[in-house]
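Subject: A structure to look through

Dear colleague,

I am handing over a structure that I have been reading through, and I would be glad if you opened it beside this message.

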Amino acid sequence: NLIPQPTASTPYGDIKFYCPNKEALEYQRELLTREPDTIEWISNFNEGEVYWDIGANVGVYTLYAAKVTKAIVLAFEPSAQTFSVLVKNIELNSLSDNVWSLCLALSDRSVLDVLNMPHTYASSAFNVFGGDVNSLGKKFDISFRQMVPAFSIDSFVKLFDPPLPNHIKIDV
């Protein structure tokens, strides 16, 4: 009961967030304003379409798509700490019927490799799978290494036969 569970108001109803740290609170506060183009894009999905959220983090766009458009969502998040918050957010919003949460990475190859993290708190971003150079092309200080299974999209589809996406967001 001590962990905040704030809500973000949308024109389609409230979305609840589990916020175990101060960093996670920013997602709830900025739901509609952080990436307005992404919100507009998702708002135009048709009910029942399939959306793959690759690098879902705590599930901001996963939750929005599932709640607003009733899309079928596959949410991929390799960080165990962040994945646990993603799962809790899906539970808080009663969206487990149309959201698949997967604690794995999608990559250019199927492999077991290391997810290097600059921070270990849930909702941390800028992790790097299989390397130590961030998205700005700079080496970063690694705080923690987590072994993660990864699949190429082709291998993932061949092995698991998931619903194929109408829409994909890649945030890695």
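A residue is called buried when its relative accessible area is under 20%, and exposed when that value is over 50%. Please keep in mind while reading that this is a predicted model.

Which strands pair with strand 3? Strand 4 pairs with strand 3 in the parallel sense over 5 bridges, and Tyr-51 has Val-73 of strand 4 as its bridge partner. Strand 10 also pairs with strand 3 in the parallel sense, over 4 bridges, and here Ile-54 has Ile-170 as its bridge partner.

Helix 2, which covers residues 36-43, has Thr-38, Ile-39 and Ile-42 as its buried residues. Seen down the axis of helix 2, these buried residues fall within an arc of 100 degrees, so they line one face of the helix. An α-helix has 3.6 residues a turn, so residues three or four places apart point the same way. The buried residues of helix 2 pack against strand 3, helix 3 and strand 10, whereas the face turned away from the buried side carries the exposed residues Asp-37 and Glu-40.

Between strand 4 and helix 4 there is a loop that contains Ser-79. Is Ser-79 buried or exposed? Its relative accessibility is 2%, and therefore Ser-79 counts as buried. Leaving aside neighbours within four places in sequence, Ser-79 is in contact with Leu-115, Met-117, Asn-127 and Gln-146.

Helix 4 itself has 13 residues and reaches 18 Å from its first C-alpha to its last, close to the 18 Å expected at 1.5 Å a residue. Among the buried residues of helix 4 are Phe-83, Leu-86 and Ile-90, and the buried residues of this helix pack against strand 2, helix 3, strand 4 and strand 5. Helix 4 is followed by Ser-94, whose phi is positive, near 50 degrees.

Technical notes:
Residues numbered from 1 in each chain as written. Predicted model: local features only at pLDDT ≥ 70, side-chain atom pairs only at ≥ 80, totals over all residues. Heavy atoms only, no water. Buried < 20%, exposed > 50% of the residue type's maximum accessible area, 1.4 Å probe, protein only. Helix = DSSP H or I, 4+ residues; strand = E, 2+ residues; numbered from the N terminus. Arc of directions from axis to C-beta. Contact = heavy atoms within 4.5 Å. Pairing = 2+ DSSP bridges. Expected span 1.5 Å × (residues − 1).
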